[in-house]
Amino acid sequence: MKTAILTLALIAIPGPVIADAPRSVDPVQDSQRIVAEAHEIVRSYHELGWFSGSVLLAKEGKPIYTESVGFADRKAAVPNRLETRYNLGSIMKNFTAVLVLQQVERGAIGMDDSLHSFDLGFPADVAKKVTVRHLLNHQSGFTGAFPSAYRENPLAFRTIDEKIALLRDAPLLFEPGTDHRYSNYGYVVLGAILEKATGESFSDLLRKNIFDPLKLHDSVYPYRASAPNQSLRYTFNYDKEQVLVGVTEHHSPDGGIESTVADVLTFYRALFYGDVLLSHANPVVAEYFAIHGQYWSSFGGGAGVSSAVELDLANDYQVIVLANTDGLVAEEISGRIYSYIQTGTYEPIRLPPVVYAWEQYVEMGADAFTAGFVARYESAGYDRFVGRTLNELGMSLVNDEKWHDAFNIFGTLVELFPDAPQAYDSLAYARFRSGDARQARETFSLALRLQPTFSSDYSTDNYGYPVNR
């Protein structure tokens with residue numbers, strides 16, 4: 001079993017509109033104060049050792065603040081610049097959605113066309129239920145993540161067809177259209193639909209319909225290591241170090257464009273302030289992208305990747321942050337800049353939850369950590385689900401072969417969530433990676449005792465137990 005690579009892809013949908021509140025800045029008159037505060041926010045995250053990347057703040061489409069910090073290549077001491085290319089992660093889903101809606105406008109695809117119309121090999125009962133509209137809106141019922149076979153070795157799956165095959169026969173999580181669950185897989189399926197409906201490759205569609213018309217000459221798909229100004233990717237680990245991770249999975253329609261802050265600005269200006277890409281008169285376009293709304297946001301992330309776009313449509317500000325470090329640092333920065341534009345205030349700047357958890361574990365010791373960490377975590381202002389934080393920390397320790405500490409962290413997870421089979425699955429994985437297959441199997445049996453149909457997120461053979469998928 002190879003190292004599990006956990007990636008995170010965030011949903012690219014309109015964010016909540018912040019309610020009116022007393023402000024200390026006027027977004028129309030006080031752009032200089034906004035720029036000064038944006039600079040302080042960026043510098044603060046860089047000084048933490050966390051942020052390496054580029055920031056662009058624009059007003060009415062014109063940059064009023066740009067900054068690049070850190071290194072595109074740390075070993076060669078190549079600094080990040082505004083021309084540096086970064087991976088966009090799930091922000092790419094907006095590009096894929098544009099390609100789909102363009103084909104809807106041209107009549108090649110219908111919003112309510114089912115998978116059955118495209119003959120992609122899905123079981124008939126699934127293919128007749130799931131529509132293009134469901135896929136675009138994350139209402140298809142497809143799972144939110146790829147299975148353990150993918151996570152064990154993502155680089156083994158190069159093409160859209162290879163990725164689709166992973167979950168083609170998997171049961172739906174819910175009846176399409178009745179619920180919402182973010183799905184990377186759904187956007188891979190949209191890529192297959194585009195290729196089937198047009199007879200062209202996804203990369204050619206992207207180039208002909210978005211890159212070329214907008215002159216996005218600094219945007220690349222798929223990834224090319226030899227492309228000029230290409231950044232390398234670094235994870236910001238629990239010990240506050242930037243560690244090279246490189247490319248961990250192949251690009252596809254759910255995420256993967258390499259681009260610059262300037263090209264990203266050009267794309268969103270064209271999308272929200274003109275009809276070059278899509279017709280604003282089309283109600284389907286207005287429905288998906290909230291063209292006439294007050295706010296739009298899109299985020300992406302993964303190993304060595306963090307990207308954020310926040311558009312204040314009411315005051316015509318655009319905040320774009322691209323990083324070659326991870327931990328959602330781009331979103332942390334963009335959110336605080338946007339908050340300052342809206343209210344004149346923003347949340348305190350903190351280290352990533354995983355870093356804070358490791359610091360507390362080292363300071364408190366294993367026993368005290370299990371008993372008291374949650375209270376400290378919440379009092380420090382962290383609102384991210386603590387189970388997720390502990391799981392990510394444990395997996396990082398596993399990858400660094402710090403077995404004793406990993407067992408302690410996953411032991412804490414089990415203590416906190418004794419009724420969650422996922423906690424035992426993580427501990428079993430740590431045992432397996434340490435070389436103790438027998439103990440891994442025994443630990444996983446506790447997950448099955450809680451949920452007999454549970455399937456491991458990390459083991460393709462369920463540690464020898466029947467796989468229920």
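L328 sits in the loop between strand 11 (317-323) and helix 11 (329-343). Helices here are DSSP runs of H or I with at least four residues, strands are E runs of at least two, and both are numbered from the N terminus. Phi of L328 is near 65°, a positive value in a residue other than glycine. L328 is partly exposed, with a relative accessible area of 22%. The cut-offs are these: buried is under 20% relative accessible area, exposed is over 50%, and partly exposed lies in between, with a 1.4 Å probe and protein chains only.

This is a predicted model, in which local features need pLDDT of at least 70, side-chain atom pairs count only at pLDDT 80 or more, and totals for chains, interfaces and linings use all residues. Residues are numbered from 1 along each chain as its sequence is written, and side-chain values use heavy atoms, with hydrogens and water left out.

G327 is found in that loop between strand 11 and helix 11 too. G327 is partly exposed, at a relative accessible area of 40%. Its C-alpha atom is separated by 20 Å from that of H250, 77 residues apart along the chain.

E401 also has a positive phi, about 60°, and is not a glycine. Its place is the loop between helix 14 (386-399) and helix 15 (403-416). E401 is exposed, with a relative accessible area of 53%.

The peptide bond from Y221 to P222 is cis, with omega near 0°. P222 lies in the loop between helix 8 (202-214) and strand 6 (234-236).

Now the hairpins. Strand 1 (residues 53-59) and strand 2 (residues 62-69) run antiparallel and are joined by 7 bridges. Strands count as paired if DSSP finds at least two bridges between them. L57 stands opposite Y65 in strand 2. The hairpin has 2 residues between the strands, and E60 takes a positive phi near 55°.

Strand 9 and strand 10 (residues 305-312) are antiparallel as well, with 8 bridges between them. G300 has S307 in strand 10 as its bridge partner. This hairpin has 2 residues between its strands, and G304 in the turn has a positive phi of about 75°.

How many residues of strand 9 are buried? In strand 9 (residues 295-302), 8 of the 8 residues are buried, so the strand is largely enclosed by the rest of the structure. Both faces are covered. On one side Y295, S297, F299 and G301 are buried; on the other, W296, S298, G300 and G302 are.

Step back to the whole chain. Its secondary structure comes to 17 helices and 11 strands. The radius of gyration is 22 Å, close to the 23 Å that the globule rule gives for 469 residues, so the chain is as compact as a globular protein of that length. The radius is taken over C-alpha atoms, and the rule is 2.2 Å times the number of residues to the power 0.38. The C-alpha trace spans about 60 × 55 × 45 Å along its principal axes.

Of the 469 residues, 53% count as buried. Among contacts (heavy atoms within 4.5 Å) with a separation of 6 or more, 66% involve residues 24 or more positions apart. The accessible surface comes to about 19,300 Å², and 49% of it belongs to carbon and sulfur atoms. Areas come from the Shrake-Rupley method with a 1.4 Å probe; for residues, only the protein chains shown count as cover.
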